[in-house]
Amino acid sequence: MDLANSEFQEMLRTSARDFLDEQCPITVIREMAEKNNDHSPELWKEVSKLGWTGLVIPEEYQGGGNGFVELSLLLEEMGRACFTGPFFSTTVFGALPVIDLGTDAQKGKYLPEIAGGSSIFTLALVESIDIHDANSINVSAHAVDNNGYEINGVKLMVPYADIADYLLCVARTDDRAGAEDGITLFIVDAKSQGISHKSSRNISDKKLSEVTFERVKVPTENILGERDKGWIEVQKMLGRAALANCFEMLGAMQRMLDMTVQYIKGRKRFGRPIGSFQTAQHYCTRMLIGIQGARLSCSLAAWQLSEGLPATKEIAVAKTWTNEAGEEVIRLSHQLNGSIGLCMEHDLPFFTKRVKEGHMTYGSTDYYREAIARELGL
Amino acid sequence: MDFKFSKEQQKFRQEVRDFLEEEIRNGTFEPDNLSWNLGYSPAFTKKCAERGWIGITCPKKYGGLERSYVDNFILYEEMFRHGAPVSTHFFADCMLIPILLIGGTESQRKELIPRALRGEITFAVANSEPDAGYDLTEYTTQYVKDGGDYIINGQKIWISFADHADIIAVSAKSASEPKTYSFFLVNKDAPGLTVNSIQFLSGHDAFSEVILENVRLPGDAVIGGEGKFRETIIAVYPTEWGGLMRITAFYPLWKALLKFVKEARRGGKPLSEDPLIRSKLAKIETNYQVGRLFALKVADSMDKGDRITPPSSVMSLEAPLSKVHGGHAEQFLLETAMDIVGAYGQLTNASKLESTLREVTRWYLFSRAFTVRGRPEDVLMTRLAELVLGLPNFLEPDKAPDAASQRATA
């Protein structure tokens with residue numbers, strides 16, 4: 001039992017922070033946002049050189065061989081820096097599923113590419129308001145000859161669709177079975193004939209695309225995992241994504257509290273810092289409690305995953321707590337930063353948008369409360 | 001980072017669990033809520049003492065097992081989850097022994113710690129007064145020196161467990177030396193000492209007032225020496241604020257509630273199928289799991305050598321935060337339980353409900369105290385803001401933040 005970071009973990013975290021403070025200050029993020037740019041190839045190259053793209057990839061595939069705990073430390077620092085780029089999607093929807101489910105051939109092909117920074121992955125899943133609803137999966141994949149499938153349909157909210165090398169596509173291969181049966185994961189070359197996008201912006205100005213698959217050919221060897229048995233893997237992936245995203249939220253939330261405390265120490269009214277007023281202090285303490293609870297509950301869930309232990313309940317506890325804490329940090333930090341905090345010339349809104357984005361992606365508080373209820377045996 | 005309990009720790013947990021489950025099977029105790037406060041059983045304490053399960057973190061030098069704080073976490077987690085009647089020794093374990101270790105004389109430690117470890121001491125701490133909380137400048141309880149003795153006069157109030165305690169630690173200000181606060185060990189049978197139970201809104205006998213009229217104490221009754229109260233009282237806070245007692249005390253009621261919702265029906269379906277109830281129960285579980293981690297973090301920090309004198313992450317961050325969260329969590333549990341039992345909640349003793357649930361109304365009333373007792377939550381929130389976030393003190397906004405710890409507070 002040791003709740004502190006190991007020496008290696010602490011070194012990873014501090015070196016990540018040093019790099020991000022220098023190469024990815026908020027001014028860089030601001031510039032990218034002004035240019036409607038959500039990916040910087042230069043930054044991506046640096047990040048790969050640091051070993052981040054290969055962080056969780058086994059050493060035999062040119063990765064660092066680290067676990068979910070190390071990944072979580074990195075994600076928290078990236079959240080704190082408001083890092084913009086396809087690290088999350090490539091790691092959570094590329095590296096982790098291939099490590100879990102890939103054949104030796106698939107691992108040998110994709111993992112070194114990901115580790116080297118030359119492959120970007122994203123997830124093509126969403127078809128309705130509910131990402132956890134198997135009934136909504138209607139994008140179809142029909143076998144068309146002895147060695148291939150044809151994918152047809154429309155996927156929504158695909159991040160980085162335009163720059164991704166591969167789309168991990170969740171498609172229905174058997175529509176005679178029940179909703180949760182007959183779903184398969186396909187690694188689809190993003191430059192395949194028949195793929196087209198229509199993009200929109202999300203709350204953080206990240207590009208999300210509506211991706212249309214029109215008779216897109218995919219070889220059989222690109223099925224990830226077992227045919228027709230993909231839905232349970234999607235659930236696992238979404239659980240990991242929710243937790244990973246909680247760490248990004250956590251970094252952003254801590255940054256928002258730090259900014260707020262700094263501000264109210266200096267800002268004076270009636271001859272005294274507004275940070276000396278007890279309401280302001282209690283708002284900050286509420287944020288602090290939320291952040292500390294998020295940190296501990298998320299760390300426990302990350303550790304469970306690192307150890308290969310089941311983490312359904314731990315992830316649900318971490319997600320519901322972080323969601324609510326995140327919402328409170330948004331509300332109270334804006335309350336204390338006043339009008340200036342509502343202007344884009346201030347840094348706070350960048351983090352607000354990221355925290356809210358995290359809150360609403362990968363499953364609502366209600367969904368995860370229901371997961372906890374099931375774990376309680378109700 | 002490692003959340004795994006060691007094999008020895010898992011074995012220890014199983015040992016405690018096996019013992020408690022056997023005791024329950026044999027009917028030697030019935031699980032109940034708030035057992036650290038109200039579960040009084042000298043017989044049970046004797047069994048704990050026989051197993052060495054009192055003051056397990058105490059140094060071997062004084063007869064303890066010198067086990068880790070995480071081991072202590074395990075011990076009390078099982079005790080509270082099973083609603084075991086530990087109050088007889090709990091205060092001596094988690095308060096007297098730490099107080100003596102941090103601030104007692106060697107002779108006081110040698111005399112009292114072995115007795116506490118044997119479960120022979122029932123103990124209470126008396127600080128609060130009708131007109132004074134943690135701001136010691138408001139104290140009216142005071143002492144004078146008389147030859148080699150001390151004479152104390154005053155009144156303390158809201159004292160937990162004073163009704164049962166054989167020894168009460170009483171804090172008082174010096175009548176002659178300004179800003180000098182001392183801590184005295186007072187025997188229950190000392191002439192001039194009166195303990196009156198307070199009629200608490202829930203009907204529980206949990207708090208008393210302690211009146212001292214010319215109570216004469218020998219010179220060696222002062223803990224450590226004169227003027228040492230403030231540096232000594234901090235010994236109780238890792239447990240008082242950061243202990244499992246603040247989050248696990250209603251575990252028996254929680255288990256009973258989870259069972260109840262599966263059995264009680266509304267509209268032809270069990271309550272457990274109602275999404276709103278499922279969501280609230282999930283929130284309670286989340287609060288519990290996070291509160292548990294807060295207490296585990298305190299234990300982990302203590303094991304890493306946090307000495308609780310500044311700089312101390314336990315005292316400034318981890319323990320206060322745990323207390324604030326715990327108060328809310330337990331109140332929310334009882335408010336929700338009241339909602340769920342519906343009409344049965346009108347009775348103070350609803351015989352149709354399982355034993356640990358049937359007094360939910362009285363527990364709900366008691367729970368109004370949880371954000372007040374031990375240190376009011378708004379005070380702890382201010383403390384967190386000043387000590388952790390470095391925000392300026394309201395009374396002295398121009399002073400550097402750690403000036404806050406220099407003011408005369410407990």
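Visitor: Before we look at the chains, what does contact mean here?

Guide: Contact means heavy atoms within 4.5 Å. Please note also that this model is predicted.

Visitor: How many residues of chain B are in contact with chain A, then?

Guide: On the chain B side there are 46 residues, and they touch 46 residues of chain A.

Visitor: What area is buried between the two chains?

Guide: About 4300 Å² is buried between chain B and chain A, and carbon and sulfur atoms give 70% of that area.

Visitor: Which residues in chain B lose the most area to chain A?

Guide: Those are Met1(B), Phe3(B) and Arg278(B), which together account for 19% of what the chain B side buries.

Visitor: And how many salt bridges are there between chain B and chain A?

Guide: The count is 4. One of the residues forming a salt bridge is Glu324(A), whose partner is Lys283(B), with the closest N and O atoms 3.9 Å apart.

Visitor: Turning to helices, at what angle do the axes of H5(A) and H7(A) cross?

Guide: Helix H5 of chain A (residues 87-101) and helix H7 of chain A (residues 231-266) cross at roughly 140°, their axes coming within 10 Å. H5(A) is therefore oblique to H7(A).

Visitor: Is that crossing left-handed or right-handed?

Guide: The crossing of H5(A) and H7(A) is right-handed.

Visitor: Which residues meet there?

Guide: From H5(A), they include Phe88(A), Val92(A), Phe93(A) and Leu96(A), and from H7(A), Met237(A), Arg240(A), Ala241(A) and Glu248(A) are among them. By class, this contact of H5(A) with H7(A) has 9 nonpolar, 1 polar and 4 charged residues.

How values were computed:
Residues numbered from 1 in each chain as written. Chains lettered and ligands numbered in written order. Predicted model: local features only at pLDDT ≥ 70, side-chain atom pairs only at ≥ 80, totals over all residues. Heavy atoms only, no water. Axes fitted to C-alpha atoms, helices over the stretch in contact; angles between N-to-C directions. Helix = DSSP H or I, 4+ residues; strand = E, 2+ residues; numbered from the N terminus. Parallel < 35°, antiparallel > 145°, perpendicular 65-115°, else oblique. Left-handed = near helix turned anticlockwise from the far one by under 90°. Nonpolar A, V, L, I, M, F, W, Y, C, P; charged D, E, K, R; others polar. Buried area = accessible area lost by both parts, 1.4 Å probe. Salt bridge = Lys/Arg side-chain N within 4 Å of Asp/Glu carboxyl O.
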